[in-house]
Protein chains: 4
Amino acid sequence: MPGNSFGHVFRLTTWGESHGPGVGCTVDGCPAGLPLAVTDIQHELDRRRVGQSKVSSPRQEADQVQILSGVFEGRTTGAPITLVVFNTDARSGSYEAIKDLYRPGHADYTWDAKYGFRDWRGGGRSSARETIGRVAGGAVAKLLLAQAGVSIVAYTLQLEDLRARVFDEDEIERNIMRCPDAEVAAQMIERVDAARRALDSLGGIVEVRARGVPPGLGEPVFDKLQAEIGKAMFSIPAIKGVEMGEGFAVAGLRGSVNNDPFVRRADGSIGTTSNHHGGILGGISTGEEIVVRLAAKPPASIAQPQQTVDRAGNAATIEVHGRHDPTVLPRLVPIAEAMLALVLADHLLRQRLARVQV
Amino acid sequence: MPGNSFGHVFRLTTWGESHGPGVGCTVDGCPAGLPLAVTDIQHELDRRRVGQSKVSSPRQEADQVQILSGVFEGRTTGAPITLVVFNTDARSGSYEAIKDLYRPGHADYTWDAKYGFRDWRGGGRSSARETIGRVAGGAVAKLLLAQAGVSIVAYTLQLEDLRARVFDEDEIERNIMRCPDAEVAAQMIERVDAARRALDSLGGIVEVRARGVPPGLGEPVFDKLQAEIGKAMFSIPAIKGVEMGEGFAVAGLRGSVNNDPFVRRADGSIGTTSNHHGGILGGISTGEEIVVRLAAKPPASIAQPQQTVDRAGNAATIEVHGRHDPTVLPRLVPIAEAMLALVLADHLLRQRLARVQV
Amino acid sequence: MPGNSFGHVFRLTTWGESHGPGVGCTVDGCPAGLPLAVTDIQHELDRRRVGQSKVSSPRQEADQVQILSGVFEGRTTGAPITLVVFNTDARSGSYEAIKDLYRPGHADYTWDAKYGFRDWRGGGRSSARETIGRVAGGAVAKLLLAQAGVSIVAYTLQLEDLRARVFDEDEIERNIMRCPDAEVAAQMIERVDAARRALDSLGGIVEVRARGVPPGLGEPVFDKLQAEIGKAMFSIPAIKGVEMGEGFAVAGLRGSVNNDPFVRRADGSIGTTSNHHGGILGGISTGEEIVVRLAAKPPASIAQPQQTVDRAGNAATIEVHGRHDPTVLPRLVPIAEAMLALVLADHLLRQRLARVQV
Amino acid sequence: MPGNSFGHVFRLTTWGESHGPGVGCTVDGCPAGLPLAVTDIQHELDRRRVGQSKVSSPRQEADQVQILSGVFEGRTTGAPITLVVFNTDARSGSYEAIKDLYRPGHADYTWDAKYGFRDWRGGGRSSARETIGRVAGGAVAKLLLAQAGVSIVAYTLQLEDLRARVFDEDEIERNIMRCPDAEVAAQMIERVDAARRALDSLGGIVEVRARGVPPGLGEPVFDKLQAEIGKAMFSIPAIKGVEMGEGFAVAGLRGSVNNDPFVRRADGSIGTTSNHHGGILGGISTGEEIVVRLAAKPPASIAQPQQTVDRAGNAATIEVHGRHDPTVLPRLVPIAEAMLALVLADHLLRQRLARVQV
């Protein structure tokens with residue numbers, strides 16, 4: 001099975017390169033009858049778009065999406081949904097000069113090692129523009145989830161050592177860092193500005209939460225919900241760590257503390273009094289909030305001189321100029337949401353298969 | 001696609017329950033001509049087996065594996081390889097008493113929520129005995145990898161705050177914690193003993209490394225090597241966090257530090273002077289060592305009284321007696337190796353498909 | 001994806017060789033809660049078993065099936081169901097003599113060409129004993145279908161030029177040819193006897209029907225119901241042709257004749273007044289009876305001298321002695337039923353995914 | 001897994017509707033380094049195009065294909081290849097009048113039964129325009145096969161009772177029936193003309209052959225080469241029967257006749273002296289010519305009055321006017337070639353996985 005598809009029954013395939021004609025995706029397996037308008041998708045793409053603020057790359061593209069198939073009279077038909085964004089601001093000039101050099105931290109060398117050559121224009125297929133297809137497909141997934149009462153929110157939790165201390169959900173989309181703590185957001189923005197001036201880049205952590213997830217989602221023993229989320233998140237460029245619930249902190253916890261007691265909630269349903277587990281037990285959702293954190297490395301493109309080699313192995317110095325983000329965090333937010341939405345939509349559907357006579 | 005298979009072209013399916021007739025697996029897609037003996041598999045199962053030491057559960061089973069298919073005159077034939085271990089020491093008695101109670105931190109509630117009922121004997125399908133199939137299948141994957149010069153090693157890196165400071169690979173299998181630091185291993189063993197006496201359990205971190213991985217493995221953009229490893233590791237029971245290379249530490253690193261410079265090595269190949277990236281860039285192996293860390297939660301089974309509910313939602317107190325590990329770390333070591341082996345074997349084969357005229 | 005699995009969400013994997021320890025299968029994706037007893041499966045295996053009559057091979061095996069996983073207290077749990085039949089009457093002697101010769105019409109040469117060598121004992125993996133796994137898995141599928149009111153029946157329609165003229169369903173299991181026309185069945189038996197004495201073998205046609213199939217099953221555009229049935233049937237050893245509804249006869253029909261008019265049935269549902277289409281239109285079931293015919297070649301194993309070559313390409317003469325069927329038709333009947341059941345069970349489940357808010 | 005993808009490692013996904021913005025496909029898994037030009041694809045699309053002759057529908061579209069991704073400097077990159085044809089001559093008018101009626105022989109009723117509603121404009125997703133994506137993807141497959149010395153040719157073998165008696169390969173593309181027998185082709189054209197005047201349509205048989213297929217392709221036991229071909233062919237609209245080699249004629253053959261003797265060929269390779277088996281034994285290619293025949297029903301769209309019902313089940317009379325083919329045979333030729341090419345390209349790649357140390 002080739003590697004450009006994600007999901008089992010709700011299946012996204014993305015395609016396209018940074019400087020080719022366009023980027024896009026096909027969603028196959030979306031149930032028929034889901035109301036879907038181009039504005040639903042455009043809204044998410046606008047959130048992902050670069051050129052939005054001083055913490056992001058100045059590449060200017062409208063990223064206007066078109067629906068090519070699968071929708072009739074405003075509803076999905078059960079046929080595959082193809083979405084496309086044509087590239088309009090692709091400038092390959094700055095890449096031509098370094099096309100034979102391997103940018104440190106980038107995929108140049110490994111793509112050559114794998115395929116024998118590569119589309120070097122703007123990173124080609126390994127460009128972050130590929131995530132347009134993810135966000136577009138994730139927008140469809142979100143609509144399907146909304147029908148089931150599931151909502152997803154992501155935000156910048158931490159930039160270097162600056163970590164949000166307050167969680168004000170309304171604040172997230174108000175500041176350009178997408179941080180739920182206005183005060184910390186302001187510090188983050190300063191930090192990014194300073195890094196940009198220092199020709200450097202910054203890492204951080206994004207947190208994603210899903211609410212209203214019904215108990216029962218996840219397919220043991222290999223397609224457990226956390227396994228699928230793990231795959232989804234690690235497939236995003238720049239992600240080096242993923243944790244759920246207490247995450248790495250479980251290393252320091254005892255069972256007597258980490259186990260979440262079960263209780264009957266007021267509405268008669270069963271829940272837990274704490275959420276160390278992060279909404280998943282035994283690979284299956286419990287109904288509690290799903291909590292995931294992603295560690296994103298500092299973007300590899302920096303304008304400082306770096307040591308590297310060319311294709312022939314000759315030592316060289318490289319400076320990566322161009323239109324690059326000093327941090328991926330704000331743009332990672334909608335991408336992380338999209339990936340979690342894709343996993344949950346897929347498993348919401350798969351759960352329909354779990355029992356006889358459903 | 002049901003959830004009990006892992007891998008794309010080298011594909012493992014596990015089956016079986018803790019207290020059913022047996023547990024096992026089928027490996028489909030193993031190339032023909034691989035020398036395979038039952039002892040190769042038994043060796044790995046013996047490493048996984050419980051009842052090995054005072055830090056593990058006292059359940060006593062030989063876990064003798066049989067090869068039911070796919071091998072002829074000592075070599076794989078290209079047909080599916082089925083491996084089975086019959087259960088011989090299954091005692092359901094201690095489970096019967098609590099079969100209607102939801103053990104905190106366990107999959108009881110979620111399996112009921114998903115399937116409507118469950119095999120409650122010893123955790124049924126969600127038992128750690130399921131990992132026998134993984135370790136058996138992983139043993140086949142290891143043989144395939146060995147032919148390509150790839151080796152894998154895992155070990156206990158950390159128990160609570162006790163973290164190995166020395167890496168002595170020969171030490172790993174010498175102590176019952178499988179910790180590469182003999183001195184810290186001794187402290188860990190003491191800590192486990194104390195926790196057992198306190199009827200409690202402990203979390204920690206296992207590290208896994210793969211060496212000799214050729215550059216080029218991994219299938220962008222969704223089956224990137226780190227995404228597949230992430231899925232593999234998160235599918236292991238008790239894992240709450242996974243990181244590669246610098247992992248979560250990238251949040252605090254600048255691009256100028258985190259980027260690994262490329263160099264030509266003495267043998268003419270291309271490598272990096274440091275390995276912050278952990279052997280994978282852009283979803284594809286670089287040839288540097290692959291480094292993965294897993295955070296394992298403290299085992300959920302503890303003999304202390306805990307608050308919970310029964311199937312009907314009535315409040316109850318539960319004490320989970322039986323034969324349980326106070327820490328999963330030493331037994332997690334061969335399982336983590338198996339999962340990494342499965343991912344790499346699969347991608348070693350998939351890489352054969354990357355170019356025309358290979 | 002390796003080749004030993006069939007189905008998408010209700011997924012069968014078979015394994016095992018003719019003269020290895022055993023043959024079996026794993027069914028993954030069977031919904032939880034389906035009543036399943038070993039006798040349900042044994043019943044179908046008994047129908048498939050050889051040594052039943054003078055028209056079949058005299059190999060004597062009880063083919064006793066065991067359930068190794070996935071069933072608890074008489075019901076499926078949602079976990080994979082593994083079924084095994086241990087081989088008890090495997091005699092490799094007659095094969096050793098011809099292990100370097102390529103039997104005409106058999107898979108010896110092609111398996112060598114593919115894998116470099118093969119398990120030559122009794123055909124190894126290409127033996128008809130592999131179909132035990134299909135029939136066992138198909139028995140589970142039949143139970144699932146029965147819950148939805150779907151039933152399947154197959155029978156011998158034609159042996160050489162002898163074609164059933166009467167359809168008496170009760171007659172099918174009464175005669176050893178499994179032909180619904182008692183008179184023609186008697187002629188067929190005579191014909192088989194004569195062929196056996198002439199050291200020859202015979203081809204024919206089996207017909208399979210499914211009733212009670214709800215409209216809506218099938219997944220355009222590649223997993224259309226007829227495409228999935230086509231694959232299923234052509235995967236059975238010896239099948240060289242498959243047709244549905246009018247089949248090849250459509251070549252001679254005009255649209256004005258072949259189109260089936262729609263009508264409202266007495267119960268208010270929509271149906272057609274004729275069934276040239278064989279229960280499928282546009283890749284999706286109509287609710288009319290599904291009708292499929294399979295052309296089976298004469299078994300390749302005949303005791304007459306035949307020209308062939310050995311592995312080195314040297315010319316040789318071969319006589320294939322052993323325990324072989326002069327016709328596969330009666331044993332093909334339960335296999336064809338099993339394969340149709342597997343397709344329909346898979347698509348019955350997939351149909352649950354077709355619409356929002358089902 | 002949703003139903004709009006075909007193939008395992010060389011994987012085609014088609015999308016688009018007859019009267020939507022366009023139709024197209026994505027090919028994922030094409031190896032890097034294959035020379036690919038838009039003209040390679042356009043050539044095949046031109047062969048498929050309607051409006052070519054008096055035996056085909058007069059819908060006039062250039063069907064100009066664009067490559068949106070996966071090609072760089074004239075070669076495939078290993079990234080997914082997306083191909084699109086925008087619809088330019090879509091007239092929905094004639095469909096609006098009959099949008100609530102179920103056309104006999106069409107997919108209207110079954111799509112409603114499956115999805116609850118349908119895009120009724122020109123058949124929507126069930127339109128023959130969907131096959132544009134197949135032919136475009138098949139063109140890529142053909143290029144890959146050509147590198148391995150594999151060629152494919154299809155032609156009209158039979159229209160009603162008119163069957164080609166001569167095989168002149170050069171003749172095929174010379175006459176509008178694509179029949180290799182010029183004399184019979186002339187008779188066929190007359191027959192089609194008469195049927196059109198009679199407001200009726202005609203069935204027939206197309207034959208497809210593949211030459212130069214290396215021995216060893218095919219993945220037992222479910223992805224046997226004939227099973228995959230069977231699925232591919234039955235997924236084409238209008239196909240009701242598929243046979244290989246002797247096909248249904250095997251019903252009348254004895255083993256002593258049907259078995260093809262093996263011989264060593266002049267070049268030292270192993271072959272058979274006859275080809276009753278049609279190039280596949282045991283599910284794996286033998287190296288002999290692969291021979292497949294498809295029975296195509298008479299097109300369902302005829303302008304005669306037919307009895308049917310509307311969505312509510314009310315009896316109605318329908319006449320299907322519009323731009324329809326009285327026979328699909330000439331246009332089926334490139335589609336059948338494309339589907340066989342897709343199967344063979346997929347299995348050519350899969351064969352790379354069959355052995356250790358390839």
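Trainee: In this predicted model, how many bridges join strand β11 of chain A to strand β16 of chain A?

Mentor: Strands of a sheet pair through backbone hydrogen bonds, either parallel or antiparallel. Here β11 of chain A covers residues 239-244 and β16 of chain A covers residues 290-296, and the two run antiparallel. Within this pair, A:Met244 stands opposite A:Val292 in β16(A). The number of bridges that join the two strands is five.

Trainee: Which strands stand at the edges of the open sheet to which these two belong?

Mentor: The sheet is open and has ten strands with antiparallel pairing, in the order β9(A)-β8(A)-β10(A)-β16(A)-β11(A)-β11(B)-β16(B)-β10(B)-β8(B)-β9(B). An edge strand has a single partner strand, so one side of it is left without a neighbour in the sheet. The strands in that position are β9 (162-163) of chain A and β9 (162-163) of chain B.

Trainee: Is helix α6 of chain B mostly covered or mostly uncovered, and how many of its residues are buried?

Mentor: Helix α6 of chain B spans residues 225-234 and is mostly covered. The buried residues include B:Leu225, B:Ile229 and B:Phe234, and also B:Glu228 and B:Lys231. Out of the ten residues of α6 in chain B, the number that are buried is ten.

Trainee: Where is C:Arg178, and what is its phi?

Mentor: The loop between β9 (162-163) and α5 (182-197) of chain C is the place of C:Arg178. With 24 other C-beta atoms within 10 Å, C:Arg178 is buried. C:Arg178 is not a glycine, yet its phi is positive, at about 55°.

Trainee: How do the residues on the side of chain B that touches chain D divide by type?

Mentor: The contact involves 17 residues of chain B and 17 residues of chain D. The residues on the chain B side divide into ten nonpolar, five polar and two charged.

Trainee: Which rotation superposes chain B on chain D?

Mentor: The same surface serves both copies, since 100% of the contact residues of chain B recur in chain D. The superposition has an RMSD of 0.0 Å and a shift of 0.0 Å along the axis, and its rotation is 180°.

Trainee: What kind of axis relates chain C and chain D?

Mentor: Chain C can be laid on chain D with an RMSD of 0.0 Å by a turn of 180° and a shift of 0.0 Å along the axis. The two copies are thus related as by a two-fold rotation axis. Moreover, 100% of the interface residues of chain C are also interface residues in chain D, so the copies meet through the same surface. The axis asked for is therefore a two-fold rotation axis.

Notes:
Residues are numbered from 1 along each chain as its sequence is written. Chains are lettered from A and ligands numbered from 1 in the order in which they are written. This is a predicted model: local features need pLDDT of at least 70, side-chain atom pairs count only at pLDDT 80 or more; totals for chains, interfaces and linings use all residues. Copies are superposed by least squares on the C-alpha atoms of residues with pLDDT of at least 70 in both. Two residues are in contact if their C-beta atoms, placed from the backbone, lie within 7 Å. Ala, Val, Leu, Ile, Met, Phe, Trp, Tyr, Cys and Pro count as nonpolar, Asp, Glu, Lys and Arg as charged, and the others, Gly among them, as polar. A residue is buried if 20 or more other C-beta atoms lie within 10 Å of its own, exposed if 12 or fewer, and partly exposed in between; C-beta atoms are placed from the backbone. Helices (H or I, at least four residues) and strands (E, at least two) are DSSP runs, numbered from the N terminus. Two strands pair if DSSP finds at least two bridges between them.
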